[in-house]
Structures are given as C-alpha cells and as structure tokens.
Amino acid sequence: MTVQFICLLFLLVYECYYELQATPELEYGRMNIGSRPSKRKPSGGIESLRAIPWIFAWTQTRFHLPVWLGFGEAFKHAIEKDPKNLQMLQDMYNQWPFFRVTIDLVEMVFAKGDPGIASLYDKLLVTPELCPFGERLRSKYEETKSFLLKVNSNCF
C-alpha cells in the first residue's frame, strides 16, 4: 500500500467519526423519511450508509461536503503539475458543456454554503480532539472555492 492510500483510509475513518458528531446524520437516520432504512446494515459503518440521510445531514450544516470534497485537490494537482493546465481548465469550462455544467453545479453549492454555520455545529457538537479536523475541512472548502474562481472567472 502507498502512503497516500493509507492516509486516505485514515482520513475516511476520521471523517466518519467527525461526520457523526458534526451533522444530524444519526437523527435523520432515526426518522422514517424514505422507503429504505438509513443504513444497509444497522451495525455497519460508513460502507453501509445510504445517500439520502448522509447528504441531508451535510446540507443541514450548510457545508455540503460530499459535493465539493476532492475538486480542490484535483485542481491543485493539475495546476501544480503544470501551470499551463489552468488555461486548459478555463478552456474546458468555456468549450465543454458537460464540464461547464459540473463546475457550475459545484459553484451553486458554494453559493448556498456557509462554513461559519458548520463551525457553529463544531463548537456545539464536536469533541475537542476532532475540532481541528473540521478546521482543516473548512480550509479545504476555501481552497476549493479559490480554485473554482480561477477556473470559471465568476463570482458567487
């Protein structure tokens, strides 16, 4: 296994603990709001989660993590690999309808987002040892937002 893969696995486990504290996912899971239970297996971990309560929970905190997480890292990697890739991404945004719509949808989520509200959830619900993880995620949020603005040259 590579170091990056091990780090990714660690972050996923850590994110699962953080998500259970920072969002009302458990409360959504107890509500009968769909035709299926919130988990595939009641005793299962992150792999047994269903999308609806998980997405609703991140929406409630105005952080929308499942939508944007990874975009910033992908943009950063591409641009750091070769600064000319920024122009390529801008050209893709201007010329490829699918890419443009995808970026516009992520931009719309950022327009609805408010990391300040997510921070309040942290202050009220998250244990002190997991609070730095929330701060790191909010930093990634701002980094992703800045890369989106570089790619599409719009304001939100």
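Which side chain does Asp122 meet in a salt bridge? The partner is Arg138, at 2.8 Å from N to O. A salt bridge here is a side-chain nitrogen of Lys or Arg within 4 Å of a carboxyl oxygen of Asp or Glu. This pair ties together distant parts of the chain, with Asp122 in helix α8 (residues 115-125) and Arg138 in helix α9, 16 residues apart; helices are DSSP runs (H or I, at least four residues) numbered from the N terminus. Asp122 is buried, at 2% relative accessible area, and Arg138 is buried too, at 13%. Buried stands for under 20% relative accessible area, exposed for over 50%, and partly exposed for anything in between (1.4 Å probe, protein chains only).

A word on the source: this is a predicted model, where local features need pLDDT of at least 70 and side-chain atom pairs count only at pLDDT 80 or more, while totals for chains, interfaces and linings use all residues. Residues are numbered from 1 along each chain as its sequence is written, and side-chain values use heavy atoms, with hydrogens and water left out.

The count comes to 4 salt bridges. One of them joins Lys76 and Glu143 (3.4 Å, N to O). Here, too, distant parts of the chain are linked: Lys76 sits in helix α5 and Glu143 in helix α9, 67 residues apart. Lys76 is partly exposed at 24%, and so is Glu143 at 22%.

Asp104 and Arg100 also pair up, at 3.9 Å from N to O. Both lie in helix α7 (residues 97-112), 4 residues apart, or about one turn of the helix.

How values were computed:
Helices (H or I, at least four residues) and strands (E, at least two) are DSSP runs, numbered from the N terminus.
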